[in-house]
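User: Could you walk me through this model before I set anything up? I'd like the overall picture, then whatever stands out locally.

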Amino acid sequence: MKVPQIFTLFFLGLLLAVRSEVADDEATVEVEEDGEDGGCSSTSRKSEETPPPAETDLKTPQETVPADKAKSNYERTNQMVYLPTGSFMMGTNNPIIPPDGEGPARRVHITGFWYDVYETSNAEFELFVNSTGYKTEAEGFGDSFVIEAFISEKIKEDISQAVASAPWWLPVKGADWRHPFGPDTDLKGIMDHPVLHVSWNDAVAYCQWAQKRLPTEAEFEYACRDGKDDRLFPWGSNMLPKNQHRMNIWQGDFPNTNTAEDGFERTCPVTEFKPQTKLGQKNLIGNAWEWVQDWWQTEHHTGTTKNPVGPKQGTDKTKKGGSYMCIKTHCYRYRCGARSQNTPDSSASNLGFRCASNKLPEYIAKQMEEEKMATAEKARKEEL
């Protein structure tokens, strides 16, 4: 029996339908064999027996607080930068993981757009939830995937299932964006870290509320390439320039021990590390996987294209950038040309997003101008 579930953002007149099928209490998430995937797409919800999300507590238009009126108790990290119109070589003729469709290299023209400087943080996502009453799909399903290394022994006692081809992924009841590593964890001390356990549908809802949108895969890679064709990372192909860490990935024995040589065992603040691009964007690669607009495909047009948006339909959505769980010997996907996928309703403890926009929202333009003036005033006082 199909049960339609509707997430309605009244204040934008949006309608997002999520359809699932009811099953018994023993229903689990079906996964695929990984092969060279390294477990990156093993957190997809693909079983027809997956329970549907619960009803949301969305506010009425009168109760909802629009993004331009919402006030946060935390320092804002919703700033954007403008990427001017240009062209670049997307993909590569030297793929490291060929089954992912990393190649071939092809010329792509991109129209100028605005892009978030930072990944969407817990604080920014909380502001959205408090303003709208939105409930994520992980909260509706009642579970999400968490890497075993960071699950408490008490919680693991009640887990009897795992992903056969990626046993470090465990379905944890009560894991969601507020409880990133299980129901006995919270956001204390990590409000400035990237929000996790958000599905593609959740990310779209947030971006629409914020008067933004998800970037396309081409836009993500255009930003990540930073004017350099066929380089591994935004700054070049040397992972540790001047022996300095520029991103948050896994070091040590995956999936058992992260030695945290980059300073972080799990996620890091979205503002951490030197900017990865000349325009100042941080953590485009590493920290958390980032959803993009496109449906997943592994065969690409070889000719020149302009503002490609991917297939018109599909099963999985594309994600880019890799995460703190990536390591070269296991999931070498913290590269500009690397890519992976999950179903739109999937969520996990390494999956987040950031937004883009054709036009800078007026409230952000005003906010950024005020921040610029405040910084200048602070500098002036320090010189006195």
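**Overall picture and local details**

Analyst: To begin with the surface of this predicted model, the accessible area of the chain comes to about 17,400 Å², and 49% of that belongs to carbon and sulfur atoms.

User: How many helices and strands are there in the chain?

Analyst: The chain has six helices and 16 strands. Of its 384 residues, 55% are buried, and among contacts between residues at least 6 apart in sequence, 74% join residues at least 24 apart.

User: OK, which residues of the largest nonpolar core touch the most other members?

Analyst: Those are Tyr115, Phe125, Phe128, Tyr206, Trp209, Leu214 and Phe353, in a core that counts 63 residues. Helix α4, residues 200–209, gives the most to this core, contributing seven residues.

User: And what does Phe128 touch, leaving out residues up to four places away in sequence?

Analyst: Phe128 touches Gly133 and Tyr134, and also Ala205, Tyr206 and Trp209.

User: Switching topic: where does Arg333 lie, and is it buried or exposed?

Analyst: Arg333 lies in the loop between β13 (317–320) and β14 (340–342), yet it is buried, with a relative accessible area of 0%.

User: What is its side chain joined to by a polar contact?

Analyst: The side chain of Arg333 is joined to that of Asp100 by a polar contact of 2.8 Å.

User: Then which residues have a positive phi although they are not glycine?

Analyst: His197 is one of them, with a phi of about 60 degrees, and Asp230 is another, with a phi of about 55 degrees. His197 lies in the loop between β8 (169–173) and α4, whereas Asp230 lies in the loop between α5 (217–225) and β9.

User: Are those two buried, partly exposed or exposed?

Analyst: His197 is buried, its relative accessible area being 0%, while Asp230 has a relative accessibility of 42% and so counts as partly exposed, since that class runs between 20% and 50%.

User: Last topic, helix α6. What span should its 22 residues have, and how far apart are its end C-alpha atoms?

Analyst: Helix α6 covers residues 362–383, and at 1.5 Å a residue it should span 32 Å; the end C-alpha atoms are 32 Å apart, so the two values agree.

User: Which residues of α6 are buried, and where do they fall around the axis?

Analyst: Tyr363, Ile364 and Gln367 are buried in α6. Viewed down the helix axis, the buried residues fall within an arc of 90 degrees, so they line one face of α6. In general, an α-helix has 3.6 residues a turn, so residues three or four places apart point the same way.

User: What covers that buried side, and what does the face turned away from it carry?

Analyst: The cover over the buried residues of α6 includes β3 (80–83), and the face turned away carries the exposed residues Glu362, Lys366, Lys372, Met373 and Glu383.

Terms used. Residues numbered from 1 in each chain as written. Predicted model: local features only at pLDDT ≥ 70, side-chain atom pairs only at ≥ 80, totals over all residues. Heavy atoms only, no water. Helix = DSSP H or I, 4+ residues; strand = E, 2+ residues; numbered from the N terminus. Buried < 20%, exposed > 50% of the residue type's maximum accessible area, 1.4 Å probe, protein only. Contact = heavy atoms within 4.5 Å. Areas by Shrake-Rupley, 256 points an atom, 1.4 Å probe, with all protein chains shown as cover. Core = buried A, V, L, I, M, F, W, Y, C linked by side-chain atoms within 4.5 Å. Polar contact = N/O pair within 3.5 Å; in protein donor to acceptor, adjacent residues only side chain to side chain. Expected span 1.5 Å × (residues − 1). Arc of directions from axis to C-beta.
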